[in-house]
Amino acid sequence: MNLSRTRVALALGAAGAVLLALVIVSPMLLTSIPSFIGNGGEQPDCAGGRKAQEASDSAASDIPSEYLELYKKNGEKIGVQWTILAAVGKRETDHGRSDLPGVKSGTNYAGAAGPMQFLISTWGGKARIPMSSSVSGYASDGDGDGIADVYNPADAILGAAKMLKRNGAPENVRRALFVYNRAWWYVDQVEEIARRYAKSGDVETPPEADDSCDDPLVEAAPSEVVGEILAFALAQRGKPYLWGGTGPDAFDCSGIIYAAYQAAGLRIPRTTFQQWPFGVKVAQGDEQPGDLVFFNAGPGTSPDNPGHVGMVVSKGKMIEARCRLCGPIKVTGYEGRGNIVGFTRPLQNPDVVDQLKKLRSL
């Protein structure tokens, strides 16, 4: 892991030399940006295609079948390890079988309730909340009955998956579990249970969280300058979201993109609202690494004024700084999101083309 980070740092440290070499050996840049962008190599499967972990014999014998189905279903839906969800359920209430106060009714001494032991305040203020009302918390309707019931396993497990996701899972499971119950001995116990529930004996993390995927993604970039942009962006993975952040310690959604292009010697607009009209529009399906994908998300946004942006790193995958409660900067999928506004290619903006020509002349 450290070796991969070192390679990225060295590549960025030599950014000027790489870019100069790029433009010297690319005479077609003068007349055709598409030839500069190129078609690239085959994209590595570092950001998807992962199947859910198989359940061990221990999991099959210990977890009630209806709970096992809910752990797997909601783990896949939200994007967290079902084994971690199941381990939390085991550690908290033995998958709802415990007769201690607060499991089936009321609360325990700490104010926790239900099979996943949510604080009522964290759930949303009440144990049972109509989903038609405004909810501030993790209250969820997992069975579609219109009520978020902290005592209903379908609702509680979905809420727990959301909480783990927002606090770092699936990449940083230990951080997410520590937020769930602030004790490192608890984190250790849950991870040990999760390992027993997995047939492989491991708590697997998604491949996009592994530094070994950085180099293949960079190497498969359609051009060297896109490789530089990707290398910088991927190196920020794991850092927190900060509204208005442009680094080096934290970023917002447009800030990481602004900084990544800047690392390659290129200037693009700073905010999402400015970045959207800046790049040349690209049809969905024709996007490639380095392009931007925009979403109708956030206050004051609309289909004509998107408020969230990510950077494509491979087909169907982007790196994004999503929100303060959404976990750290990470590689995620964009094809399953229903509020995509469109894609753009900043490298085809005439101003960026001029910047590239000037860099060549330095």
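Modeller: Let's start where strand S6 (residues 292-295) meets S10: the two pair in the antiparallel sense over four bridges. Strands here are DSSP runs of E with at least two residues, helices are runs of H or I with at least four, and both are numbered from the N terminus; two strands count as paired if DSSP finds at least two bridges between them. This is a predicted model, where local features need pLDDT of at least 70 and side-chain atom pairs count only at pLDDT 80 or more, while totals for chains, interfaces and linings use all residues. Residues are numbered from 1 along each chain as its sequence is written, and side-chain values use heavy atoms, with hydrogens and water left out.

Now step back to the whole sheet: six strands, in the order S5-S10-S6-S7-S8-S9, form an open, antiparallel arrangement. S5 and strand S9 (330-333) are its edges, each pairing on one side only. On average, neighbouring strands of this sheet are turned by 40° against each other, direction ignored. Further along the order, strand S7 (residues 308-314) pairs antiparallel with strand S8 (residues 317-320) over three bridges. Methionine 311 faces isoleucine 319 of S8 in that pairing. As you follow the side chains, keep in mind that in a regular strand they alternate between the two faces of the sheet.

A helix belongs in this picture too. H13 (residues 253-263) lies across S6, S7 and S8, running at about 50° to S7. Such angles, from 0 to 180 degrees, are taken between the N-to-C directions of lines fitted to C-alpha atoms, for helices over the stretch in contact, and contact means heavy atoms within 4.5 Å.

Buried residues (under 20% relative accessible area with a 1.4 Å probe, protein chains only) make up 51% of its 362 residues. Among contacts with a separation of 6 or more, 60% are between residues 24 or more positions apart.

Terms used: Buried < 20%, exposed > 50% of the residue type's maximum accessible area, 1.4 Å probe, protein only.
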